[in-house]
Amino acid sequence: MEFDLLIRNGTVFDGTGAPPVGADVGVVGDRIEAVGDLSAATARWEVDATGRAVAPGFIDTHTHSDLAWALGPGLEHVAAASVRQGVTTEVCGNCGFSPFPHLPGHRADVGRHLGSLFGAAEAGWQDLDGFAAAARRGGLFANLAPLVGHGGLRAGVMGFEDRPPRDDELAAMKRLLEEAFEQGAFGFSTGLIYTPGAFASTEELIELTGAVRRFGRPYVSHVRGETDMVRGSVEEAIRIGREAGVPVHLSHHKVAGRANWGRTEETLGVIAAARGRGVDVTVDVYPYTAGSTLLSAILPRWAQDGGPERMLERLRDGAVRDRIEADLAGGPPGWENLVRAAGWDGIVVATCPGRPEAEGRSIGELAGPGREAGFVFDLLIEQEGRVTMIVHLMHEADVRRVLGFEAAMIGSDGIPLPGKPHPRWAGTFSRVLGRYAREERLFDLATAIHKMTGLPAQRFGLRGRGRLERGAVADLVVFDPDAVRDRATFEEPLLAPQGVRQVLVGGVAVVADGQLTGARPGQVLTAR
Ligand SMILES: [Zn+2]
């Protein structure tokens, strides 16, 4: 038998969590053709994997890489930072941010400030099919598995209004949501700290999620609060799934803010109890004690009513600035106050193309005492909202507890942007393998790989992926289990990991001998 590719003498992990076996792996075209003793076979390309791990390509369950293909010239290293770790499929459209669908005449501009950072402010499409065609033309290193974002959907039908939808608007949202599921979306995501997602009631979300029950795909949520309100927010997500009759997946599960440290014991207890009652609930997690999002997410929800332009107008009004500042300093409860949770010194400018000298520095340091809020308002006005931040607000013990949870899989929450983005985009997977599995022995290597392959494939219905077996798609990674580790840091956030040798997407080498080949064989996958 002649294969296109033979990976010889590897330590093969099948993605199920089972212990590895010594075997060869033979690939023909985009499929795994054989696993076992293939010493008699030959191949056009052979890789000696002696002493190395061979695993299914990693599935990143949580990314914001929807528009990474639209990054400008010279930013290839940013878009490719994830695949260099062995990630071959990125679930995108998370936290309610998807760049589709919208009604004619509207824009799915919930992620517009984020989108404009990618240079894709004006999207030339309305639905998933249109987005997928554009992404394919743009060229993908890894596969994309898109979710439909509730924020994009709501903005695309009713704009950024802080009110319940009218009947006709609810009907339009249901129709667009069903259409996106028919076009192959892998689930329905919400981001309930962001506008317009935050304007939605639990009932609205149950109604919409229930409209796509027949597809059996998950409700995926960045819950309403991850600080003081975390327990009720987790319970709300579980209720939405239960009442709508669909599985629930909690995004980047955490508890944030010093006052809440340790409460993952409580939240994981709630989740485990629901699972015990037969509710299908899973989570993903990234291995860092800092988060990252748009800087504008620190503003109270009322300040964002009406959309990004209205928000910027408000920030020019002295009286409004005072009111926001009072809310940030400890105003009314009931919303996610990231400033109170992290403090100004815990909020660091990540990507700010218009003011690169601010990148990597905290608001406390940039503004000086007493001037932080005003500094942020001015920066948002000056940059038209195009600023992301890193927020230091979790405790290591909570991160470890979630990583070790049986129903936890790995999702980077990566935002592929230049500047000083969060290192999770370039480091999450190699950090879990190197630090948490090998060095700290939080779990064994087979379990770590399962959390990146078989488990997420099952959750998101990625057929033919996440398992290394005959007939599966040849999404594969070969790495050195003794050397693999992340090198990305907050100072140098896009450094490629150590120890990842080969990465194949559909049988095509994207990384060979640790270097990018330049190939972009990624597909936009569709759920069926
Ligand atoms: Zn999120």
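Reply: Here is a walk from the metal site out to the sheets, with a stop at the cysteines. Keep in mind that this is a predicted model.

Let's start with the ion. The zinc ion has Cys95 (SG), His222 (ND1) and His252 (NE2) as its protein donors, at 2.1 to 2.3 Å. Along the chain, these donor residues follow the spacing C-x126-H-x29-H. Cys95 sits in the loop between β7 (87-92) and α2 (112-117), while His222 belongs to strand β11 (residues 219-222), so this pair ties together parts that are 127 residues apart in sequence. Is Cys95 buried or exposed? Cys95 is buried, with a relative accessibility of 4%. His222 is buried too, its relative accessible area being 4%.

With a cut-off of 2.5 Å between cysteine sulfur atoms, the count is zero. Take Cys92: its closest cysteine sulfur is the one in Cys95, and at 12 Å that is too far for a bond. Cys92 is buried, at 0% relative accessibility, and Cys352 is likewise buried, with a relative accessible area of 0%.

Now back to β11, the strand that carries His222. β11 is part of an open six-stranded sheet with parallel pairing, ordered β9-β10-β11-β12-β13-β17. At the edges you find β9 (148-149) and β17 (408-410), each of which pairs on one side only. As a reminder, strands of a sheet pair through backbone hydrogen bonds, either parallel or antiparallel. At the β17 end, β17 is joined to strand β13 (residues 281-285) by three bridges in the parallel sense. Across β13 and β17 lies helix α14 (residues 396-404), which runs at about 130° to β13.

There's also an open sheet of three strands, and this one has antiparallel pairing, in the order β14-β16-β15. Its edge strands are β14 (290-294) and β15 (347-349), each pairing on one side only. On average, neighbouring strands in this sheet are turned by 25° against each other, ignoring direction. β14 and strand β16 (residues 388-392) run antiparallel and share five bridges; Ala290 has His392 in β16 as its bridge partner.

To tie it back to your request: the zinc donors are Cys95, His222 and His252, with His222 coming from β11, a strand of the parallel six-stranded sheet.

Terms used
Residues numbered from 1 in each chain as written. Predicted model: local features only at pLDDT ≥ 70, side-chain atom pairs only at ≥ 80, totals over all residues. Heavy atoms only, no water. Donors = N, O, S within 2.8 Å, 3.2 Å for Na, K, Ca; no water. Helix = DSSP H or I, 4+ residues; strand = E, 2+ residues; numbered from the N terminus. Buried < 20%, exposed > 50% of the residue type's maximum accessible area, 1.4 Å probe, protein only. Pairing = 2+ DSSP bridges. Contact = heavy atoms within 4.5 Å. Axes fitted to C-alpha atoms, helices over the stretch in contact; angles between N-to-C directions.
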